[in-house]
Amino acid sequence: VDDDMVMATKQRICRRTIVDTKSVRRRKRCTWIRSSLSAKTDAPNAPFSRLAALLAPICWASGAPIARALLSTAQPLPSSALVASRFAVSALVLAPLLAVDMRKRTKGEEFATEGLFRAAAELAFYLFVGNALVTESLRACGAGHAEFVVNAAKAVAVPSLAYLVGIRVSKATWSGAAGVMAGLTLLTGAQGAGGATLADVGLLLAALCFSAHTQRMSVHAAKFDALPLTVTKLSMVAVMAVTASLARGDGSAISSAVASKEVLLLLFLSGAISVAGGMMFQATAQRNVGAAESQIIYATQPVWAALYAWAALGETMGGQEILGGAVILLSSALSSAWDAKDSEA
C-alpha cells in the first residue's frame, strides 16, 4: 500500500511538473511575441518623433502625383519597373549619406550592426511583397478603391494586431482609428465602394504586409540607427524589385524610359522624397512612438496625396472629399494629442 501511495505521489508530481513546464513555455512564447511587436517609448523625444511620424506620410503622398506624371510621359514605365526604379533611386540617394556618417563617427561611436541585416531583410520582405500585391491588384481595380482598402485595413490592422497579442492599445488610438475609417469613407467616396473581389484579397494581404512592417519597425528602430537601417532595407527591396522587374521582361522599357531627362528627374524626386525621405522619417519616429499610435498619424497620407493632386495636377476636390480629409486630420491630431497627454501623466 505504501509503495502504491509513493508511486501515486510521484505521478502527481510528474504531472504537475509537466503542466508547470508547459505554462512557463507558453508564458515565454507570449512574452517573446509581445516584445517582438512592441517597443519602448522615450517620452523626452516623443514630440519630435510625432513630428517625424507626420512628415513620413507627407513624403509618401508625394509619390502619387509623381507616379502619375511618370505614367503620362511619352514612354511610360511599366508599373513593376516604376516600383523597382523608385526603390533603387532611394537606396542610391541615401548611400552617400551613410558613407559620410560612418566617416564622421569616432571609435566607440559606431552604430550597432549585430542583427542589422536580418532586421533589414525582414522589413524589406514586407515592403516588397506589399508593393507587389498592390501593383498586381491595380490591374483589376481603380487607384481610389485600392487606396481606400489598403489605408482602411492598415488603420485597423496595426492596433488590432497589437491588442491580440496582449499589448495595451489606448482609447485614443482606437478612437483615432474609427475617425480615420469614417474620413477615408468620405474622402474616397464612390471610388472606395465596389471593386473586384480578387483585387480586394490582394489589397488586404498587402495591407497586412504593410501593417507587419509598421509593427516590426517599432522594434528594429529602437535597436538600430535610422540611417543604416533604412539604407540596408531599401537596398534589399531594390534588389528584389529590380530582379522581379527584369524577370518580367521590363529591361528594354527601363532602358528607353531612362534616356529621357524628364523621366530621370521624376524618378529622382520620387525616390529621394517619397521613398527615402518617408522611410527615414518613419525609422526616426518609431524609435519613440509605438506602432499603433504611429499608424493613426500615417493614415493622413491620402489627405496629403489629394492636396498634392489639387496643387500640382489641378484636380478638383468636392465638398465630401474636403470633409473626409478634415475628419482624418482632426481624428489623427486629437488621437496623437490624447496619447501625448497620457504619456506625460
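Gly63 counts as buried, at 7% relative accessibility, where buried means under 20% relative accessible area, exposed over 50% and partly exposed in between, with a 1.4 Å probe and protein chains only. This glycine is found in helix α3 (residues 63-71), and, not counting residues up to four places away in sequence, Gly63 touches Arg86 and Ser274, a contact being heavy atoms within 4.5 Å. The C-alpha atoms of Gly63 and Ile273 are separated by 8.0 Å, although the two are 210 residues apart along the chain.

The model is a predicted one, in which local features need pLDDT of at least 70 and side-chain atom pairs count only at pLDDT 80 or more, while totals for chains, interfaces and linings use all residues. Residues are numbered from 1 along each chain as its sequence is written, and side-chain values use heavy atoms, with hydrogens and water left out.

The protein chain has 14 helices and zero strands, helices (H or I, at least four residues) and strands (E, at least two) being DSSP runs numbered from the N terminus. Of its 345 residues, 45% count as buried, and among contacts between residues at least 6 apart in sequence, 90% join residues at least 24 apart.

Confidence is expressed as pLDDT, the predictor's confidence in each residue, from 0 to 100, and its mean over the protein chain is 79, with 80% of residues reaching 70 or more. Helix α9 (residues 226-247) has the highest mean, 92, whereas helix α1 (residues 2-37) has the lowest, 53. Over residues 28-44 pLDDT stays under 50, and the model has 22 contacts beyond four places in sequence for that stretch. Where pLDDT is low, the predicted coordinates should not be read in detail.

Three salt bridges are counted, each being a side-chain nitrogen of Lys or Arg within 4 Å of a carboxyl oxygen of Asp or Glu. In one of them the side chains of Glu293 and Arg50 meet at 2.5 Å, N to O; this pair links distant parts of the chain, with Glu293 in helix α12 (residues 291-298) and Arg50 in helix α2 (residues 46-61), 243 residues apart. Glu293 is buried at 13% relative accessibility, and Arg50 is buried at 14%.

Arg216 and Glu122 also meet in a salt bridge, at 2.7 Å, N to O. Because Arg216 lies in helix α8 and Glu122 in helix α5 (residues 116-137), the pair ties together parts that are 94 residues apart in sequence. Arg216 is buried, with a relative accessible area of 15%, whereas Glu122 is partly exposed at 22%. Helix α8 (residues 197-221) also holds His220, which is buried with a relative accessible area of 5% and touches Ala119, Glu122, Leu123 and Leu229, not counting residues up to four places away in sequence.

Arg248 forms a salt bridge with Glu136, their closest N and O atoms being 3.0 Å apart. Here Arg248 is partly exposed at 44% relative accessibility, and Glu136 is partly exposed at 38%.

Lys154, found in helix α6 (residues 143-164), counts as buried at 13% relative accessibility. Leaving aside neighbours within four places in sequence, Lys154 is in contact with Pro159, Ala207, Phe210, Ser211 and Gln295.
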